[in-house]
Amino acid sequence: MPGTAPDPRTPPYVLTVASSDSGGGAGIQADLKTMTRLGVYGGSVIVAATAQNTRGVEGSHVLPAESIRAQYEAVADDFDVAAVKLGMLATAEAVETVADCLADYDGPVVLDPVMVATSGDRLLDEDAVDAYDALFARATLATPNADEAEALTGVFPDSPAAVSEAADWFFDRGVDAVLLKGGHVATDDDTVVDTLVTPTETTTFVNPRIDATATHGSGCTLSSAVAARLARGDDLSDAVRNGIEFTRATLAEPADVGEGAGSVNHLVGVGDGWTPDADADAPDGDD
């Protein structure tokens with residue numbers, strides 16, 4: 001059943017646990033922009049600060065585990081968290097800290113196993129991959145692209161049999177469902193096939209391929225969009241469908257920013273922005 005539009009005064013609260021992208025196209029920034037566009041109130045736990053732009057990642061600083069934990073506990077103590085999105089977690093210690101934080105959380109968790117940036121820069125330490133098992137056991141949905149799926153499972157999901165084999169790897173680690181994204185998989189008819197697999201059902205979402213080079217932030221956007229839609233009451237299939245549609249819209253009209261390949265455009269469909277009503281009385285300010 002599709003979710004309903006939330007009351008803007010009491011929107012669902014969705015938490016992203018990920019890393020900052022100073023360029024604004026991916027990471028925490030993309031997550032919060034997506035959540036706002038889809039009618040939920042986004043909060044964040046910042047795991048790492050990256051020095052990043054449309055050309056690549058120039059540096060990264062991972063926050064201490066106690067800082068990551070303190071951010072999460074501050075949020076969990078005050079807000080009713082309707083869904084959690086997990087993005088770039090960088091190190092084994094950070095992964096383990098986040099898994100421990102989520103041990104008692106019983107809402108939906110969308111896990112984007114971010115390993116490599118669009119620019120090709122690695123975003124996850126080699127020794128952090130094994131630490132992910134504790135997080136996979138908490139995941140309502142994992143959203144790997146084909147390259148991430150191959151790095152994790154040893155299987156490149158470019159056929160129904162390979163998709164099934166890769167999905168079984170995630171199920172063995174406790175994931176409830178997996179969305180194997182098809183953007184990195186070539187097809188004969190120039191379509192993109194995203195496949196949602198649960199232990200009992202497989203659903204494919206087939207769309208024409210968008211001729212886009214400005215794809216920076218697309219993975220973060222999709223996983224955040226799914227988390228937002230789950231928080232709004234969509235079932236998993238509808239949440240994925242709506243997430244894909246929003247992400248495709250951001251790819252079709254990319255943001256012409258930076259000197260690199262560019263970024264997806266979270267402002268797609270927005271007009272000139274908010275301006276005050278000239279006839280409205282201005283609120284009184286504090287002295």
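**Notes on the cores, a helix and a pocket**

1. Let's begin with leucine 15. Beyond its neighbours within four places in sequence, leucine 15 is in contact with Met35, Gly43, Ser44, Val45, Tyr72, Val75, Val81, Ala83, Val84 and Lys85. Please keep in mind that this is a predicted model.

2. Leu15 also belongs to the largest nonpolar core, which has 44 residues. Together with Val17, Val84, Leu86 and Leu135, Leu15 is among the residues that touch the most other members of this core. Which element gives the core its largest share? That is helix 6, with 7 residues. A second, separate core has 23 residues, including Met35, Ala227, Leu230 and Val240. As background, nonpolar side chains tend to be buried together in soluble globular proteins.

3. Stepping back to the whole chain: the protein has 8 helices and 9 strands. Of its 287 residues, 50% count as buried. Among contacts with a separation of 6 or more, 67% are between residues 24 or more positions apart.

4. Helix 8 is worth a look. The helix covers residues 236-252, 17 residues in total, and reaches 24 Å from its first C-alpha to its last, close to the 24 Å expected at 1.5 Å a residue. Its buried residues are Leu236, Asp238, Ala239, Val240, Gly243, Ile244, Phe246, Thr247, Thr250 and Leu251. What do these buried residues pack against? Their partners are helix 1 (27-37), strand 6 (141-142), strand 7 (178-180), strand 8, strand 9 and helix 7 (218-231). Val240, from this buried set, is also a member of the second core.

5. Leaving aside neighbours within four places in sequence, glutamine 52 is in contact with Ser20, Asp21, Ser22, Gly23, Val57 and His216.

6. Finally, the second largest pocket, with a volume of about 300 Å³. Its lining has 20 residues, and Pro157, Ser159, Val163, Val193 and Thr195 lie nearest the centre. Helix 6 (160-172), strand 8 (191-197) and strand 9 (202-208) are the elements that give two or more residues to the lining. Strand 8 supplies the largest share, 5 residues. By type, the lining divides into 9 nonpolar, 8 polar and 3 charged residues.

Technical notes: Residues numbered from 1 in each chain as written. Predicted model: local features only at pLDDT ≥ 70, side-chain atom pairs only at ≥ 80, totals over all residues. Heavy atoms only, no water. 1 Å grid on protein atoms, 1.4 Å probe; cavity = no way out; pocket = protein on both sides within 12 Å on 5 of 7 lines; lining within 4 Å. Points joined across faces, edges and corners; volume = space filled by probe spheres on them. Helix = DSSP H or I, 4+ residues; strand = E, 2+ residues; numbered from the N terminus. Nonpolar A, V, L, I, M, F, W, Y, C, P; charged D, E, K, R; others polar. Expected span 1.5 Å × (residues − 1). Buried < 20%, exposed > 50% of the residue type's maximum accessible area, 1.4 Å probe, protein only. Contact = heavy atoms within 4.5 Å. Core = buried A, V, L, I, M, F, W, Y, C linked by side-chain atoms within 4.5 Å.
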